[in-house]
Amino acid sequence: MHWRLLLFIALLSTAVPAQWLNFPTPGVPRKPDGKPDLTALAPRALDGKPDLTGVWMHEITTVAEVRRLFGDRFEAAIKTNAPGMEIGTQHKYNFDILVDFKPGESPLRPGVKLNRPRNVDPADICMAVIGIPDADFLSEPIKIVQAPRETMILYEVGNMHRQIFTDGRSFPKEFDLPAFLGYSVGHWEGDTFVVETAGFNDKTSLDGMGHPHSDALRLTERFHRRDFGHLDIEMTFDDPKTYTRPFTIKVPHDLLADSDIFETFCENEKDRVHMGKH
């Protein structure tokens, strides 16, 4: 069994159920029937820029589309994945971030090896690390919290978080402590929030297939809130050590109004004793 699957079975088993039930989010525009109006105008922050704050879920790649793209590679997971992480709740880039490239056109440099699934000691399953962008392509949503000098992205996966500074700082000349999620600074170009991230270590993969990146990776993200309920995210990966050229992916997100992300911890975990038996 893939170590990432083991990790999320463990996390799923301990995720806290809905912490705020049936609480309508203040400020959400509503239709006459009380449902959120996701086509209303995007909200604005005090500085006049679009407010990206909200709980967002990437578009879903259906089971039928997974089969079309990958054949029978995920048939076992289609039949056995645990509730909440069924195949058909992820994005195609979770499986393969280079899936859009035709055979022979991949930008992966010749000789670069994939980070193949590794054996994880079940005792250490809670220590497995998921990087970005993959943490946004799984079965769980993200939450964006926009503030005047800093924007935060909170991932339900593994309780991860990112800090995107908009206080005018630039990257240091050298990164003394390369990070799993890098260092991020942001600025606005019109109504588009542009985030540049660098200072990564090389210990995570971009996707479940194991496409690697080096410490030279520079990630540029562009966030554009089309209306109240729709957020377009574009990501450009520039890693000259690993890829022959930069490549870009685009992932629409939908607002999960009246919802939230929830904490996940390995407390009271009961799956570990069953791991490694398949």
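Where does His211 lie?

1. His211 is found in the loop between β6 (192-198) and β7; strands (E, at least two residues) and helices (H or I, at least four) are DSSP runs, numbered from the N terminus. This is a predicted model, in which local features need pLDDT of at least 70 and side-chain atom pairs count only at pLDDT 80 or more, while totals for chains, interfaces and linings use all residues. Residues are numbered from 1 along each chain as its sequence is written, and side-chain values use heavy atoms, with hydrogens and water left out.

2. His211 counts as buried, at 5% relative accessibility (buried is under 20% relative accessible area, exposed over 50%, partly exposed in between, with a 1.4 Å probe and protein chains only). Its side chain makes a polar contact of 2.7 Å with the side chain of Asp207. A polar contact is a pair of N or O atoms within 3.5 Å; within protein, one must be able to donate a hydrogen and the other to accept it, and residues adjacent in sequence count only if both atoms are side-chain atoms.

3. Eleven aromatic pairs turn up in a search of the whole structure. Rings of Phe, Tyr and Trp (its six-membered ring) pair if their centres lie within 6.5 Å, and planes under 30 degrees apart count as stacked, over 60 as edge-to-face and the rest as tilted. The pair of Phe237 and Phe247 is stacked, because the ring centres are 5.1 Å apart and the planes are at 20 degrees. Phe237 belongs to strand β8 (residues 230-238) and Phe247 to strand β9 (residues 247-255), so the pair ties together parts that are ten residues apart in sequence.

4. Tyr243 and Phe247 form an edge-to-face pair, with 5.2 Å centre to centre and 65 degrees between the planes. Both Tyr243 and Phe247 are buried, and Phe237 is buried as well. Ring pairs join Phe101, Phe237, Tyr243 and Phe247 in a cluster.

5. Two arginines sit over rings (NZ of Lys or CZ of Arg within 6 Å of the ring centre and within 35 degrees of the ring normal). Arg169 lies over the face of Phe165, 3.7 Å from the ring centre. For Arg225, the charged end is over the ring of Phe228, at 5.0 Å from its centre.

6. The lining of the largest cavity includes residues from β3 (150-155), β7 (218-227) and β8, at least two from each.
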